[in-house]
Amino acid sequence: MRIFILLVLVGLTACGGPPGDQAHGTATDPNAATGFFTENTIPPETARDIRGDGVLRDADERPYGYAFLGNPLPEFTAPRVNGPDWSPRQIDKWTIIDVWGIWCGDCMADAPYAAALSQAVDQDPALDFVSIHTPPSLRRADEAFGDFGSVEAYFEEAGYSYPTVLDIDAGVRTALQIAWTPTYLLVSPDGIVRGFRTDLSVAGGDPVKDFLQDVARVQAETVVAPRPRLPAFALDGVAGIRSTTLFTQSSIEAAFPGFVVRAETELASGNAETVFHVREPGSQAEGQVLLFTVLPDWDKGHVAEVTTRSEAIRGPYGTRIGETSFGDFEGLGHVTCALGPAESGDVFLCHAKEDERNVFRWTFARSEGYAGSWPESTALTRAELVEMSYLPSSRVP
């Protein structure tokens, strides 16, 4: 009875995207896409690209596969319900991700199964569970919570809860290329998507137990390479980079073991310059998140600078791109700050110095939408951290 009441309160909405006519929590196709899929699963001959989006689906529009099977999840950061932000970068053990929405009738039929799955996962120290609550689309983001208004209100009414991350504007849904809700993803500790399935409620049998057996089978069959620990900036360096580190492929790879290092060309002051990009490991280039850029001192043949614009990297004093503003930062340690040179644009630079060397630099830029003059005190307080740099051999002029 509780499930029925919740469905009425929320309003039935088809969960593959645009509204459809199929009943919720049911499957009408004899070859329904309601099982567990891996990278090597072959769709049946009845599979069709019903929507013209390149996704093979069954008659109820459930997909037979998932775009990132066998590949890393794309990087994103989203807030938790009653907790800190969450990112795929935090995955360090086998993890089941449930993508769902209160607006979605199929998700509401599935929610008690998701709650039971979460409870079962809690008993396994080698397995984790997180759900991502998403709206149907950016255009319909205001429909995300139905009549409940929030995930917390829904859980209070339902009488259960599980760890939930909030996709506020469907940006996570778009990044993850979700073709149906609910979608369950099995991700290995190295961040690779190893399995996928849709609704548990339409699977028959004992769906939670059967799903966990599928998970156990994939775990047993998969050799997972250890995920390298993400380096953090300190005032005196990052990873294995020192003032004597040669600007060569082998030296940079030795400094960042386990990460992908590539020599690439960037434009600097209108000139093409060779740099090394340090990326997350992954099976495809587009899945390898850029973490650091290493720049040369050609006079010495050594590394001159290591920079990051990645929100995943922590810097000295807990600074982080996308989180830290100048108002949070000023007055810390042996740090001096000044307006950057004219050619660098509207930026404010802060340096930590040691033995007459600039050993670390934070770059702040005016916050988006600020219309005042630069750098007024109010503008500086709101200035956002956009880049952090370690300067192993930079002398103060």
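**Aromatic pairs in a predicted model**

Let me begin with the rings: the count comes to 26 aromatic pairs, where rings of Phe, Tyr and Trp (its six-membered ring) pair if their centres lie within 6.5 Å, and planes under 30 degrees apart count as stacked, over 60 as edge-to-face and the rest as tilted. One of them is the pair of Tyr 66 and Phe 196, which is stacked, with 5.9 Å from centre to centre and 15° between the planes. Tyr 66 lies in the loop between helix H1 (2–10) and strand S1 (78–80), while Phe 196 belongs to strand S7 (residues 193–197), so this pair ties together parts that are 130 residues apart in sequence; helices (H or I, at least four residues) and strands (E, at least two) are DSSP runs, numbered from the N terminus. Tyr 66 and Phe 196 are both buried, and buried means under 20% relative accessible area, with exposed over 50% and partly exposed in between (1.4 Å probe, protein chains only).

Residues are numbered from 1 along each chain as its sequence is written, and side-chain values use heavy atoms, with hydrogens and water left out.

Now to another pair: why is the pair of Phe 326 and Phe 364 called edge-to-face? Their ring centres are 5.4 Å apart and their planes stand at 85°, so the pair is edge-to-face. Phe 326 lies in helix H7 (residues 326–329) and Phe 364 in strand S14 (residues 357–365), so the parts tied together are 38 residues apart in sequence. Phe 326 counts as buried at 6% relative accessibility, and Phe 364 is buried as well, with a relative accessible area of 0%.

Ring pairs also link Trp 100, Phe 129, Phe 148, Tyr 154, Phe 155, Tyr 160 and Tyr 162 into a cluster. Just after H3, Gly 159 takes a positive phi of about 90°.

Technical notes
Predicted model: local features only at pLDDT ≥ 70, side-chain atom pairs only at ≥ 80, totals over all residues.
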